[in-house]
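Subject: Handing over the model

Dear colleague,

I am passing this structure on to you, and below it I have set out what was found. Please look at the sequence and the model before reading on.

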Amino acid sequence: MVLRLLYILLLINVDLMSAQIFDVENIKLSGDDSKRITLVILSEGYQDSELSQFITDAENFTNSMFNQSPLKEYANYFNVYAIKVPSAESGADHPGTSIEPLETPISPIVPIKTVDTYFNATYDAFGKHRLLYYEIDGNSANNTEAIISTVLANNFPTYDQALIIVNSSEFGGSGGKFPMTYSGFWGANVAVHELGHSLFNLKDEYYPGDDLAAEAINMTQETDQNLVRWKNWLNINDIGIYQYTCATGNCSDWYKPHQNCIMEFIDRPFCSVCKEGIIEKIHSLVSPIDSYTPVSNTVSNSSFPIDFHLNLIKPIPNTLESSWSLNTSNIASNVDDVSVLETDLNAGINTLTAIITDNTQLIKVTNHETIHVYTVTWTIDNSSLGVNDIESDINSLSIVMFPNPANTIANFKIESEKDAKLKVDITSLDGKKVKTVSLSNYTTRQVDISNLSEGIYVANFYANNTLVTSKKLVKQ
Ligand SMILES: [Zn+2]
């Protein structure tokens, strides 16, 4: 996916003489790394002789993680690799300094010990037994975060997210930049929970403490049903506005969407609000267009019909919808291929556009603030002597419209990867255009709708004069 500048910089700083190269194994391959979210699993507390067990653990974790919705539905969007990092000794430190009692699920209690491991994993971090972290109490004396970054830079610099599996049967884990989980029974669920933090920006649905409480996908101080960020889900799948509880802290100011989510209890699935947030993040990271043909200039003077093809990264089951238009008419929907005949083309420049959106029921698209739209456009230069040239272009857009319903002001924003001429038309249900507004890329435009009568309108969004999506706008 996105090559992170940080790691390029790290690479430059690494002394190549001391660069440690470890075996890297592929665990799950869905396609090209540059078109996928790449998860890299590192071993911690596995000795050389235990690294084959680490690979088995990484495989089992991967199977288990991608069996949980919505990672299950979007499994094709991920690649997984494992880096075999050997430790001198097995397991993790257990200093025995925890000030809180053991929590459920209860697992065997490891004896108090200190072991020599590559990433310094330890229980009892910040006074919590189950907080399995790479430093004790935030003491960065070992500089473990730099060690982890160096291992990644030397062995898999283009990773998107790392995960560390610690060779221990004792329940534990931690989130943050490099989430950790233990290798025992609930380990894969802990990994899913921690990735919920690290990769998908979810908050705990138990009270995480005043320092970590913040507005997020699944945490808010808003109690108004019409304003709460998960308003589209209220009263569906037990989604509500539930006050956090806690023994100490200001938890009564904070609310969560569910009472049985894996962000609270490790043995549960994600709640609907968390699922939606995860899918939104996946869509913002990865385009569902894996590849397409023809690419620019591979076809000239071709014979008719000319075949156009999309390779899409399909959710399971496939919820992608495609809409193909040639010049201004829609010619096909929900197919991966179209054929264009000579008689379909005008003389001169023709435009064929495929627009791809995800119609999954796991996100509440109708009223949803953001829509992700992906397009492929072929420009076909047709003359009496045949097709001179086909140029192709790919784009991804995210479209935001809020609030909805709106009373006086509706805000519109389009973020387009490519420079595009962007426009929104607001039409009434009888097809009358009541407003046309041009939009600048990455700029929120406030549109005064106070003079419109109450009712339902349709906002049609155009990029380079091609309709990319329509949304219902309710004027109150
Ligand atoms: Zn949740």
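Among contacts in the chain between residues at least 6 apart in sequence, what percentage join residues at least 24 apart? The value is 64%, where contact means heavy atoms within 4.5 Å.

This is a predicted model, in which local features need pLDDT of at least 70 and side-chain atom pairs count only at pLDDT 80 or more, while totals for chains, interfaces and linings use all residues. Residues are numbered from 1 along each chain as its sequence is written, and side-chain values use heavy atoms, with hydrogens and water left out.

The overall picture

The chain holds five helices and 22 strands, which are DSSP runs numbered from the N terminus (H or I over at least four residues for helices, E over at least two for strands). Its C-alpha atoms fill a box of roughly 80 × 55 × 35 Å along the principal axes. Of the 476 residues, 50% count as buried; buried means under 20% relative accessible area, exposed means over 50%, and partly exposed lies in between, with a 1.4 Å probe and protein chains only.

Helix α4 is mostly covered, with twelve of its twelve residues buried. The buried residues of α4 pack against β2, α2 (51-65), β4 (161-166), β5 (173-174) and β6 (180-182).

H197 lies in this helix, α4, and its side chain makes a polar contact with the side chain of H193 at 3.2 Å. A polar contact is a pair of N or O atoms within 3.5 Å; within protein, one must be able to donate a hydrogen and the other to accept it, and residues adjacent in sequence count only if both atoms are side-chain atoms. Leaving aside neighbours within four places in sequence, H197 is in contact with L202, K203, D204 and M263. H197 and G277 are 80 residues apart in sequence, but 11 Å apart in space from C-alpha to C-alpha.

Helix α2 has 15 residues and reaches 20 Å from its first C-alpha to its last, close to the 21 Å expected. Its buried residues are L51, F54, I55, D57, A58, F61, T62 and M65. Seen down the axis of α2, these buried residues fall within an arc of 160°, so they line one face of the helix; the arc is that of the directions from the helix axis to the C-beta atoms. The face of α2 turned away from the buried side carries the exposed residues S52 and N63. The cover over the buried residues of α2 includes β1 (24-28), β2, β3 (78-83), β4, β6 and α4.

In strand β2 (residues 37-44) one finds S43, which is buried with a relative accessible area of 0%. A polar atom of the S43 side chain lies 2.7 Å from the backbone oxygen of V85. Neighbours within four places in sequence aside, S43 is in contact with residues including L51 and F54.

Two further residues

P294, in the loop between β9 (289-293) and β10 (306-312), counts as buried at 5% relative accessibility. The C-alpha atoms of P294 and E391 are separated by 8.6 Å, although the two residues are 97 apart along the chain. N411 is found in strand β17 (residues 409-416) and counts as buried at 9% relative accessibility.

With best regards

Key. Expected span 1.5 Å × (residues − 1).
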